[in-house]
Amino acid sequence: MNCVFCDLVAGRAPARWVGREEGAAAFLTLPERALAPGHTLVIPTEHAVGLQDVSPQALMRVMALVQKVAHAMAVGLGAAGVNVLNASGPGSEQSVPHLHFHVVPRWPDDGFTTWPRERSRRIITGDPGAALAAAVGILPSAE
């Protein structure tokens, strides 16, 4: 398997590390791709394509690091807030097939929006809420 984020974690490619912890790592995005100064990606150190296949333990570690990065953006950059963005799976416009969260610092009147402006054209027959509730019911419990 060839995964650029796994290469970063293994030291086979350079990264500007913001934080590295057991099970999770954070690094600055490429400068030409940054949505704002300090735009950071947070990933699990184990390979997982998306939310659908990451282990619950790895996801907890990643989200804890997302929270630390968000706090650091407030303290270190004076950010008034953050956007946390994720795309999981081939139908989601995921650019790298390794789970990652973009943590983007935000300031009032910073000149851009990350909220979708359009709605999906997809039509689901039946009750989507009932379908989701039934599917969640088939997953193993978190107990």
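1. What does the lining of the largest pocket have by class: how many nonpolar, polar and charged residues? There are 17 nonpolar, 10 polar and three charged residues. Here Ala, Val, Leu, Ile, Met, Phe, Trp, Tyr, Cys and Pro count as nonpolar, Asp, Glu, Lys and Arg as charged, and the others, including Gly, as polar.

2. On the source: this is a predicted model, in which local features need pLDDT of at least 70 and side-chain atom pairs count only at pLDDT 80 or more, while totals for chains, interfaces and linings use all residues. Residues are numbered from 1 along each chain as its sequence is written, and side-chain values use heavy atoms, with hydrogens and water left out.

3. The largest pocket holds about 970 Å³ of space. Its lining counts 30 residues; Arg 33, His 39, Leu 41, Ser 95 and His 102 are the closest to the centre. Two elements give two or more residues to this lining: helix H1 (4–10) and strand S2 (24–28). H1 provides the largest share, three residues. A pocket is an open set of points on a 1 Å grid over the protein atoms alone, where a 1.4 Å probe fits, with protein on both sides within 12 Å along at least five of seven lines; lining residues have an atom within 4 Å of a point. The volume is the space filled by probe spheres set on the points, which are joined across faces, edges and corners.

4. The sheet is open and antiparallel, with five strands in the order S1-S2-S3-S5-S4. S1 and S4 (81–85) are the edge strands, each pairing on one side only. Neighbouring strands are turned by 20 degrees against each other on average, direction ignored. Pairing requires at least two DSSP bridges between two strands. Strands (E, at least two residues) and helices (H or I, at least four) are DSSP runs, numbered from the N terminus.

5. S1 (residues 17–21) and S2 pair over four bridges. Arg 20 has Ala 25 in S2 as its bridge partner. The two strands form a hairpin with two residues between them, and Gly 23 in the turn has a positive phi of about 85 degrees.

6. S2 also pairs with S3 (residues 40–44), antiparallel, over five bridges. Leu 28 is partnered by Thr 40 in S3, and Ala 24 by Pro 44. S2 is largely enclosed by the rest of the structure, because four of its five residues are buried (under 20% relative accessible area, 1.4 Å probe, protein chains only).

Notes:
Buried means under 20% relative accessible area, exposed over 50%, partly exposed in between (1.4 Å probe, protein chains only). Axes are lines fitted to C-alpha atoms, for helices over the stretch in contact, and angles run from 0 to 180 degrees between N-to-C directions.
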